[in-house]
Each structure stands twice: as C-alpha cells, then as structure tokens.
Amino acid sequence: MRFQFALTLQAIWTGMCNAAMQHYPAAWGHYDVCKSQVYSDEGLTWDYMACQPEAADMTQFLKVTLDPPNITCGDPPETYCALENPYMCNNECDASTEELAHPPQLMFDIEGRNPTTFWQSTTWKKYPKALLVNITLSWNKTIELTDDIVITFESGRPEQMVLEKSLDYGRTWQPYQFYATDCLDAFTMEPKTVQDLSQHTLLDIICTEDYSRGYVWKYDKTVRFEIKDRFALFAGPRLHNMASLYGQLDTTKNLRDFFTITDLRIRLLRPATGATMVDESNLSRYFYAISDIKVQGRCKCNLHANSCVFDKEKLSCECEHNTTGPDCGRCKRSYQGRAWSAGSYLPIPKGTANICVPNNIGPVIRPNVSSLGVANRKEVAPQVALSTAPSVHAANSKRGRSSGSRASSPDDTAAFLLPTPRHVCFC
C-alpha cells in the first residue's frame, strides 16, 4: 500500500513539473531536412520532404531608414529632461560626441549594457506641430514572422503609434495594428486586444490601448505585436496543435500573407506626455527613444530550402527540390514537367516536397486556387513518402550547410551561414 501511495505521489509530482515547464515552442516548425538518401527496391534513392530555414533574429539582416532624415537628436546638440521630472534636465544629446550620441544603430545593438543604449529623436520643440517619425525596416526579401514583434521605449511609450507592413518592398503599405491611449479619439476605432480575436476575425486590424500608458507606468517599456497569440487561435494556448495551424497556413493564402512581410514601418505619431495637457513651458520632456527592436522570423522559401544566405547584398534561399529564385518560387528550366507549387506542411510532421520534375515526365498539372485565395492541395503534386525531421535547421546553425539538402531601399545585411557581427545599414 505504501509503495502504491509513493508511486501515486511520484506520478502527481511528475505531472505537476511537466505542466509547469510547458511553454510556447521557440519557433514553429520542424522542417530542417530537404532530402535524405533511402534504400528502396531500385537501390539508393533520394527521399524529398518539405523544409524551411530556422527562425532567427531578423534585425541582423536589415536596412533601416528614418523619415524625416534629420529627426535623430544631437545636430545641433540639445538638452532634454526626464518626462516624470521636468526639473531633471541634465541629459544631453550631441551627435559629434560618441558618448552623447544616440544614432539609429543603437536600436539593434546588443542589449544588457549599462547604461542602456538607445536611439533618440529630437525634442518636441515645434509643438503644436505634430512630432512625426517613420522608422522603416527593409529586408529586400520576403520574411515569415514566427514570434512577437517587440519594441522597447526608453522615453515612455508613445501615446499614438501605427505598425505597418509591406509585401511589395515598400511600394504599398497596410496597417498591422494601431496603438493609442484613446483609440476612439485617435483613430475612431473601438479599443480591442488580441484576446478579443477569434479564428474568424484573426485578420482584423485592431486598435489597442494596452501599450500606450503614460509615465506613471514607466517600467512598462515594451510595445508588442502579438504573433504567437494569433497562432494560438488555431494551435491552442501552448501551440501544441500545430497540425491545425499548418493546415490553415497550407490552404489559406490570406493567412499566410498576414504573417509575411518584406518591410515593416513604425509610425510614431505622438510621444508620451504623461498628462492630459502638454507642458508648453518645457517641451524638452517630449521625444521618442527606442533601445531595442525584436523581429523574429525566417526567409520565406516556400518550403523548398532549409538555408538562406546573404550574397551580393541580398538575402536568398538556397533552393532544393529543383527550384530556383530568391524565394524558390519557380522550377529550374529543365524541371518544368509540371507547374511549380510550394511545398506543403502536411502531413505532419514531414510535409510534402512538391518537387519540380524533369520536362519529359507527364503533362503540366496546375494547382487550383479559388477566388477566396484557398489553394486545393489535392490537385498539385502527389505526396511522397518522407522521413521525420527532428529539429529546425538554420543556415547559421552549428552544422553549417545541410548535407541533405519601398518606402525604404534594399537591405545591407549579414550572412546566415557563418556567425558574423551584425551588419545593418542606416540611412
């Protein structure tokens, strides 16, 4: 009896520990191998499977543009005050002195320094004219977002802000989310949170008041765009039901496009004031300061590559499955025996490669896409027997290359394949 009781206690304790350790996966997806050699009746052959690069910190591979160009503080030098204490005006910004300068690259440097480094705008010295800043992040490559976008402010979070995305290299822009202390007043939108969304309203553009509190909440520095909470609408609170999410991403183009970008734009519309009225006698209290921007994602390769490299100032997928192009978006010239198709996440966990085949094999089969943007995967390439891919593979992983294999302008980036220092272009 005592032994059975001890076993019961042990089982309960183990269950509690496992429950306590549950968390969101670091990156969704486990498609790190594009092909492997297998033995068959015909001998040693290639077995193809869907694959994608590992998620990475994409701020290492971008170009940033500020508009207006002279919005960064320090030229000429100026003194600024603390928002919560208008009499504490012992801080100076001077672009000609390294210790006092706050250039844009400090939004992307290594965190953990003391004191904290940050980019800073000029003060609101032209009030009541609006203090407007556009910060554009460009990759010159389609990127799939895999985690929350997080912006850390050091001057109080802005009272009005818009996060925008582009899918065509900055030629056109769409709002991702609106942020305000009063959504109705600022944008004539009812305030909502991501928790108000459902599977049917996931693509809705909302205005949230959660990230726009004044200086009383000075320890709440971050503004987020919640990617994983949106994933969780299909995959469950802990992202355990990834098959459901993959099924939606596979068949619904609008959903895939929602999490895909070439550029991001942060539009700062009104700085933190900490009060209902602006203190016109001390406008040096009002400015923007950002210490960190996090964008986690991967190169979009249409599930035809497991690595992405920087070459000739451009990110490109290292395409497999007889595909080619920056996103592996077409078949090679001699492999157009059927129409190109993106790989498929399904069936879990292996996916379907949908490889391009030589020109002399069968008629061209074209995928059927409805007017709603839903692809009929049953009419594309036949599924292939696949082997399990145990983990996500990055072009900059310790294994290196797998043996199984614009409002702003293009990016100036660092390579994925080799661990290199950050190389970001600031314009």
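Me: Which cysteine does C331 pair up with?
Reply: A disulfide joins C331 to C356, with 2.0 Å from S to S. This is a predicted model, so take that as a computed value.

Me: Which hand does the link of C331 and C356 have?
Reply: Left-handed, with -75° about the S-S bond.

Me: And why does the pair tie together parts of the chain?
Reply: C331 lies in strand β20 (residues 330–331), while C356 is in the loop between β20 and β21 (368–369), so the pair ties together parts 25 residues apart in sequence.

Me: C331, buried or exposed?
Reply: C331 counts as buried because its relative accessibility is 8%. C356 is buried as well, with a relative accessible area of 2%.

Me: How many disulfides does the structure hold?
Reply: Eight disulfides. One of them is formed by C73 and C93, with their sulfur atoms 2.0 Å apart. That link is right-handed, at 75° about the S-S bond.

Me: Where do C73 and C93 lie?
Reply: C73 is in the loop between β4 (63–67) and β5 (78–80), and C93 is in strand β6 (residues 91–93). The pair therefore ties together parts that are 20 residues apart in sequence. Both C73 and C93 are buried.

Me: What about C299? Which residue does a disulfide join it to?
Reply: C308, with 2.1 Å from S to S. The link of C299 and C308 is left-handed, at -70° about the S-S bond. C299 is buried, and C308 is too.

Me: Now C207. Which strand is it in?
Reply: C207 is in strand β12 (residues 207–208). C207 counts as buried because its relative accessibility is 0%.

Me: What does C207 touch, leaving out residues up to four places away?
Reply: Its contacts include F178, Y179, A180, C183 and F187. M189, E190, P191 and K192 are also among them. C207 and M189 are 18 residues apart in sequence, yet 6.4 Å apart in space, C-alpha to C-alpha.

Me: Switching to sheets. What is the order of the open sheet of four strands?
Reply: β7-β15-β9-β13, with antiparallel pairing. At the edges stand β7 (119–120) and β13 (222–225). Each has a single partner strand, so one side of each is left without a neighbour in the sheet.

Me: How many bridges between β9 and β15?
Reply: Four, in the antiparallel sense, between β9 (residues 149–153) and β15 (residues 289–294). The bridge partner of V150 in β15 is K294.

Me: Where is F287 found?
Reply: F287 is in the loop between β14 (260–270) and β15. F287 counts as buried, because its relative accessibility is 7%.

Me: What is F287 in contact with, beyond its neighbours within four places?
Reply: The contacts include Y80, C81, Q120, S121 and T122. T123, L131, S155 and P271 are among them too. F287 and T123 are 164 residues apart in sequence, but 4.7 Å apart in space, C-alpha to C-alpha.

Me: On to rings. How many aromatic pairs does the count come to?
Reply: 13 aromatic pairs. One of them is F225 with F258, which is tilted: 6.3 Å centre to centre, with 45° between the planes. F225 lies in strand β13 and F258 in helix α5 (residues 253–258), so the pair ties together parts 33 residues apart in sequence.

Me: F225, buried or exposed?
Reply: F225 is buried, with a relative accessible area of 0%. F258 counts as buried too, at 8% relative accessibility.

Me: Which charged end sits over the ring of W173?
Reply: That of R265, 4.2 Å from the ring centre. The charged end of K35 sits over the ring of W46, 4.4 Å from its centre.

Me: Last thing, confidence. What is the mean pLDDT?
Reply: The mean is 80, and 75% of the residues reach 70 or more. Over residues 1–29 the pLDDT is below 50, and that stretch has 27 contacts beyond near neighbours in sequence. Residues 366–423 are also below 50, with 163 such contacts in the model. Where pLDDT is low, the predicted coordinates should not be read in detail.

Terms used
Residues are numbered from 1 along each chain as its sequence is written. This is a predicted model: local features need pLDDT of at least 70, side-chain atom pairs count only at pLDDT 80 or more; totals for chains, interfaces and linings use all residues. Side-chain values use heavy atoms; hydrogens and water are left out. pLDDT is the predictor's confidence in each residue, from 0 to 100. Contact means heavy atoms within 4.5 Å. Helices (H or I, at least four residues) and strands (E, at least two) are DSSP runs, numbered from the N terminus. Buried means under 20% relative accessible area, exposed over 50%, partly exposed in between (1.4 Å probe, protein chains only). A disulfide is a pair of cysteine sulfur atoms within 2.5 Å. Two strands pair if DSSP finds at least two bridges between them. Rings of Phe, Tyr and Trp (its six-membered ring) pair if their centres lie within 6.5 Å; planes under 30 degrees apart count as stacked, over 60 as edge-to-face and the rest as tilted. A charge sits over a ring if NZ of Lys or CZ of Arg is within 6 Å of the ring centre and within 35 degrees of the ring normal.
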